[in-house]
Amino acid sequence: MLIKLNHHLSDKFSFLTGKKLLLATSGGLDSMVMADLFHKLPFEIAIAHCNFQLRGMESFDDQNFVQDYAKENQIPIFVTQFDTEAFAKDYKLSTQVAARELRYNWFYELLETEKFDYILTAHHADDNLETFLINLTRGTGLEGFTGIPEHNEQVIRPLLIFSRNEILDYATENNIQWREDSSNASDKYLRNKIRHDLVPILKGLNPHFLTSFQKTQAYLQEANVMVEDATIMIYQQVAKDKGDEIHFDLKQLKRLPNYKSYLYQWLNEFGFSAWEDIYDLVDAQSGKQVFSEEFRLLKDRHFLILCPINNTNEKEEFLIEKNQKEVNFPLKLSLCNTDHISMTENNSIFVDEDKLKFPLVLRRWQDGDSFCPFGMEGKSKKVSKLFKDEKLSLIEKENTWLLCSDNQIVWVIGIRQDERFKIDNTTQNKLQIALL
């Protein structure tokens, strides 16, 4: 096993040479075998042990066992203790998810503070099989079948090529001691049910099942790479990034015979789960939306628009005092007196300062808002009608701000100035207001 691991490291992980490695060591069979193997190889290693305090004195016995091993073998060790149950309760997480969060946060902290290069964990081939079956029972996309990655940023899993039986045989032959986690015998967790009940049946049907599974998973990994490549190429034809928004061209999208698969690949990372609702958006009326926790997908005429959820209070107002020269939030404006008047785009206006009543107010538009558009003297127009004429999307409407003076609209910012505040022959103080 040592020879096989050494060849594997040379083939797949040659970049580990000369690096400082942190070995995640629980005291169980897998991690103690990993610690023994890397102690025999020419690497600079240290051990990291987490005491999650979930099994009473058994957890502290595990901690003492790992500490004694490190001391006996003169390996540097880092130990921490977590109140896992309290953390899980505070953040409304399952115990397993809470433990994972705590563990990896601490590992990454050690990488930074102690100048380690990589974290090594002792996941093996049977772990990979169990993860595959867990994902199968829950439902997943192709990526859920590709297995535990061997290399994920600074986390390395060098034992994935070995089965649990190979690891057990090595431990027996080399007289390696380890601690049994009593929770592994319980069928309280789905992984244990799969390990104890399902996997033995599959291996009974085919004694070489694990080997066959590893080959199948390798094919799935290759297929997933092809899918990722195709996803990137098609994205470039269908999607356009516009600031913090992504616009998907529905005409281009619907030309794809399997556009639902592409939508899943593009949107999965944004936390969406109501996939049928998302697919229905393609043929839905404009204005229909689907939400994830932080993002929303909007149908707007010929596009699907992905954007972050705006958490700004719609009723919130921001004041601009007299002689104030700039505004930095919720958008950037500059205000300056000038004698020079020039033709401008919609991002800048010139007004008669003496017609303004300070403080000016920045606010979102509301139903019923109306103003007198510049160039249409004496004529009033609803802001909602302006939006319709400008063919603004729902998101663009929501992101439009009004500059107001004494409850009168001075500027639908970035779109149209109000006639009542324009500069005329009697103007003494000219004020330029620009959207930056």
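This is a predicted model: local features need pLDDT of at least 70, side-chain atom pairs count only at pLDDT 80 or more; totals for chains, interfaces and linings use all residues.
Local features need pLDDT of at least 70 and side-chain atom pairs count only at pLDDT 80 or more, while totals for chains, interfaces and linings use all residues. Residues are numbered from 1 along each chain as its sequence is written, and side-chain values use heavy atoms, with hydrogens and water left out.

Helix 8 spans residues 190-205 and has 16 residues. Helices (H or I, at least four residues) and strands (E, at least two) are DSSP runs, numbered from the N terminus. From first C-alpha to last, helix 8 reaches 22 Å, close to the 22 Å expected at 1.5 Å a residue. The expected span is 1.5 Å times one less than the number of residues. A kink of about 35° lies at Leu 198, shortly before Pro 200. The bend is the angle between axes fitted to the seven residues ending at a residue and the seven starting there. The buried residues of helix 8 are Asn 192, Ile 194, Val 199 and Leu 202. Buried means under 20% relative accessible area, exposed over 50%, and partly exposed in between (1.4 Å probe, protein chains only). The cover over these buried residues includes helix 6 (125-138) and helix 9 (209-238); contact means heavy atoms within 4.5 Å.

Several backbone features lie in loops. Most residues other than glycine have a negative phi, and most peptide bonds are trans. Gln 74 has a positive phi, near 55°. Gln 74 sits in the loop between helix 3 (57-72) and strand 3 (77-81), and is exposed at 75% relative accessibility. Glu 153 also has a phi near 55°. Its loop runs between strand 5 (151-152) and strand 6 (155-156). Glu 153 is exposed, at 60%. A cis peptide bond joins Phe 329 and Pro 330, with omega about 10°. Pro 330 lies in the loop between strand 13 (326-327) and strand 14 (333-337). The bond from Phe 358 to Pro 359 is cis too, with omega near 0°. Pro 359 lies between strand 15 (348-352) and strand 16 (360-364), in a loop.

Side chains of opposite charge can pair when their charged atoms come close. The structure holds 24 salt bridges. A salt bridge is a side-chain nitrogen of Lys or Arg within 4 Å of a carboxyl oxygen of Asp or Glu. Asp 36 and Lys 40 form one of them, at 3.0 Å from N to O. Both lie in helix 2 (residues 29-40), four residues apart, about one turn. Asp 36 is buried, at 13%, whereas Lys 40 is partly exposed, at 42%. Asp 389 pairs with Lys 385 at 2.9 Å. These two residues are four apart in helix 13 (residues 383-390), about one helical turn. An α-helix has 3.6 residues a turn, so residues three or four places apart point the same way.

Asp 283 bridges to Lys 254 at 2.7 Å. Asp 283 lies in the loop between helix 12 (275-281) and strand 9 (289-291), and Lys 254 in the loop between helix 10 (250-253) and helix 11 (259-267), so the pair ties together parts 29 residues apart in sequence. A network of salt bridges links Asp 126, Asp 127, Glu 130, Arg 164, Arg 191, Arg 195 and Lys 203.
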